[in-house]
Amino acid sequence: MANPDGSLDGSRPSQWVTWKGEVEGGAIEVDFEVARKLRGICGAFRAELEMAFGEIDSVSDVKGMGTLQSGIDLARKFSLKASGGEDSLEKSLLSHIDVLKEMEAYFQACVTRYFAVEAENMDRLARHEVSGS
């Protein structure tokens, strides 16, 4: 899971978090429609991964490898590949979900910035009188 500072491993914020800050500060601009569509795609993909994460229990208890010690060991090894192991599916899914959340936040910041700039422009134009009226 991501840390409060946006880092995944505690060392530094991810690139998506850095870019989000740059969008909010006005240093980066992304086309509104592109950002809106990508935000939706990230959300849909994240939902699929979260659904897969919810099914981990169904594959984390491997059985049917026999009663020999080698079969028992193999079943344990496969179970750890699903959940609890160092390079488990569980950890991979959580890591991918965290990145997708950061990507969604980045694209949302792009959309939010677009509306903020539009509001500023409308306010600026509203303060000016049109000559000849």
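Before we look at the structure, one term: a patch, as I use the word today, is made of residues with over 30% relative accessible area and no salt bridge, and nonpolar side chains are joined into one when they lie within 5 Å. With that in mind, please turn to the model, which is a predicted one.

Let me start with the overall layout. If we take the contacts between residues at least 6 apart in sequence, 64% of them join residues that are at least 24 apart.

Now to the patch itself. Which residues make the nonpolar surface patch of about 240 Å²? They are Val34, Leu38 and Ile41. Valine 34 has its place in helix H2, which covers residues 32-54, and valine 34 counts as partly exposed because its relative accessibility is 40%, a value between the 20% and 50% cut-offs.

Finally, a word on confidence. The chain averages a pLDDT of 88, and 88% of the residues score at least 70. Among the elements, H2 has the highest mean pLDDT, at 97, while helix H4, residues 89-126, has the lowest, at 92.

Note on methods. Residues numbered from 1 in each chain as written. Predicted model: local features only at pLDDT ≥ 70, side-chain atom pairs only at ≥ 80, totals over all residues. Heavy atoms only, no water. Contact = heavy atoms within 4.5 Å. Patch = residues over 30% accessible without salt bridge, like charges linked within 9 Å, V, L, I, M, F, W, Y side chains within 5 Å. Areas by Shrake-Rupley, 256 points an atom, 1.4 Å probe, with all protein chains shown as cover. Salt bridge = Lys/Arg side-chain N within 4 Å of Asp/Glu carboxyl O. Helix = DSSP H or I, 4+ residues; strand = E, 2+ residues; numbered from the N terminus. Buried < 20%, exposed > 50% of the residue type's maximum accessible area, 1.4 Å probe, protein only. pLDDT = per-residue confidence, 0-100.
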